[in-house]
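Here's a quick briefing to read alongside the model. Take a look at the structure first, then go through the points below.

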Amino acid sequence: MHIPDGFLSPQTYLPAYALAAGGWAYAARELRRRVDETLLPRLAVLTALAFVLMAVMLPLPGGTSVHASGIGILAVVFGPWLTFAVVSLVLLLQALLLGAGGVTVLPVNALAMGLGGSVAACLGYRLLAPRWERAGLFAAGWLAAVVPAALIAVVLGLQPAIAHTIDGQPLFFPFGLAVTLPAVLVPHVVLGLGEGLLTVLVVSFLRRR
């Protein structure tokens, strides 16, 4: 799901940095307000789980990848803002240590996965969980995989229209929405089934302890 460096135009990632900076500042305040001796160990363990899950990537045509993320788990346990902070940290570490994703594309990846994915996961969970707890957890995991994939597919697919030469040749990512939407979305719709099951198993286990 990571977009690699070099795929996005400055017209895309510079405004995204401005938007993400506001989100990171709010998430930092939320973390300082909520952190205590019970939150910190769980946050550390689930951050490590997210790092491992996102490090196991299967490449997709066009240069992106598919991988589990644990975002549904993080969103249900911690809410969207702490999930945004955790996923942003994981993406930064993976960019610096593993060369996955990148620094220029960090805000787009973080906004799509950490914020878009976690907000969708929380909404899906809160809609279903009052009557069907496990269905709510499954929906959280599935939405946390599919919604970021859709956002990333749209951002990639708009690049030829955003940045191109005078004669219309793309300067960055060359494929439009007709290619990116099916190429990125279809594998993540399938992956989301596994992500949903993982969310059910991990959150249920945490609640029994």
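Accessible areas here come from the Shrake-Rupley method with a 1.4 Å probe. On that basis, the protein chain has an accessible surface of about 9,900 Å², and 73% of that belongs to carbon and sulfur atoms. Keep in mind that this is a predicted model.

**Overall build**
- The protein chain has 7 helices and 2 strands, and from the N terminus on they run α-α-β-β-α-α-α-α-α.
- A compact globule of 209 residues would have a radius of gyration near 17 Å, and the protein chain agrees, with 17 Å.
- Along the principal axes, the C-alpha atoms fill a box of roughly 60 × 35 × 30 Å.
- Buried residues make up 47% of the 209 residues.
- Of the contacts with a separation of 6 or more, 75% are between residues 24 or more positions apart.

**Aromatic rings**
- The structure holds 6 aromatic pairs.
- Trp24 and Phe84 are stacked, because their ring centres sit 6.2 Å apart with the planes at 10°.
- Trp24 lies in helix α1 (residues 10-34) and Phe84 in helix α4, so this pair ties together parts 60 residues apart in sequence.
- Trp81 and Phe84 also have their ring centres 6.2 Å apart, but with the planes at 80°, so that pair is edge-to-face.
- Both Trp81 and Phe84 lie in helix α4, 3 residues apart, or about one turn of the helix.
- Phe84 is buried at 0% relative accessible area, while Trp24 is partly exposed at 26% and Trp81 is partly exposed at 29%.
- Ring pairs link Tyr17, Trp24, Tyr26, Trp81 and Phe84 into a cluster.

**Surface patch**
- Leu89, Leu92, Leu93, Leu96, Leu97, Leu98 and Val103 form a nonpolar surface patch, with about 620 Å² of accessible area together.
- One of these, Leu98, is found in helix α4 (residues 80-98).

Notes: Residues are numbered from 1 along each chain as its sequence is written. This is a predicted model: local features need pLDDT of at least 70, side-chain atom pairs count only at pLDDT 80 or more; totals for chains, interfaces and linings use all residues. Side-chain values use heavy atoms; hydrogens and water are left out. Patches are made of residues with over 30% relative accessible area and no salt bridge: like charges are joined within 9 Å, nonpolar side chains (Val, Leu, Ile, Met, Phe, Trp, Tyr) within 5 Å. A salt bridge is a side-chain nitrogen of Lys or Arg within 4 Å of a carboxyl oxygen of Asp or Glu. Helices (H or I, at least four residues) and strands (E, at least two) are DSSP runs, numbered from the N terminus. The radius of gyration is taken over C-alpha atoms; the globule rule is 2.2 Å times the number of residues to the power 0.38. Buried means under 20% relative accessible area, exposed over 50%, partly exposed in between (1.4 Å probe, protein chains only). Contact means heavy atoms within 4.5 Å. Rings of Phe, Tyr and Trp (its six-membered ring) pair if their centres lie within 6.5 Å; planes under 30 degrees apart count as stacked, over 60 as edge-to-face and the rest as tilted.
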